[in-house]
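Hi everyone, thanks for coming. Let me put today's chain up on the screen, and then we'll walk through it together.

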Amino acid sequence: MRKTYGFMIVLAACIIAALFIFTTFVSIKVKAQEREVTQIYQKIDEMRIEIKRVKIESSALTNPLEVLDYATENQMKSVKVKDLVNIEIDKDKVN
């Protein structure tokens, strides 16, 4: 009888040790995934800030004089209307 109980205690101790090791590795993986998610959220926040900046810039360009000032500040060149060419793209033919 005593050998049976001793074997069961050793088996239970091995199972508990295996569970502890398994949960440790799972915890490490969860923390790594949490870091990845945090980095992705930071990138998303940076993109949102950039989109807001572009929206503010574009809304500031509603005044024609401001458009001319913006173009001269960023060294943009004017294009004549007669030089513009419309290009039609069929959605079905695009990859």
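Let's begin with the surface: which residues make a nonpolar surface patch of about 650 Å²? The answer is Y5, F7, M8, L11, I15 and L19. For patches, we take residues with over 30% relative accessible area and no salt bridge, joining like charges within 9 Å and nonpolar side chains (Val, Leu, Ile, Met, Phe, Trp, Tyr) within 5 Å. Accessible areas come from the Shrake-Rupley method with a 1.4 Å probe, and for residues only the protein chains shown count as cover.

A quick word on the source: this is a predicted model, where local features need pLDDT of at least 70 and side-chain atom pairs count only at pLDDT 80 or more, while totals for chains, interfaces and linings use all residues. Residues are numbered from 1 along each chain as its sequence is written, and side-chain values use heavy atoms, leaving out hydrogens and water.

L19 sits in helix α1 and is partly exposed, at 49% relative accessibility. Here buried means under 20% relative accessible area, exposed over 50%, and partly exposed in between (1.4 Å probe, protein chains only).

Overall, the chain has 2 helices and 0 strands; these are DSSP runs numbered from the N terminus, helices being H or I of at least four residues and strands E of at least two. Of its 95 residues, 0% are buried.

Now, which residues pair up in the 1 salt bridge? They are D45 and R48, with their closest N and O atoms 3.9 Å apart; the cut-off is a side-chain nitrogen of Lys or Arg within 4 Å of a carboxyl oxygen of Asp or Glu. Both belong to helix α1 (residues 2–60), 3 residues apart, so about one helical turn separates them. D45 is partly exposed at 40%, and R48 is exposed at 52%.
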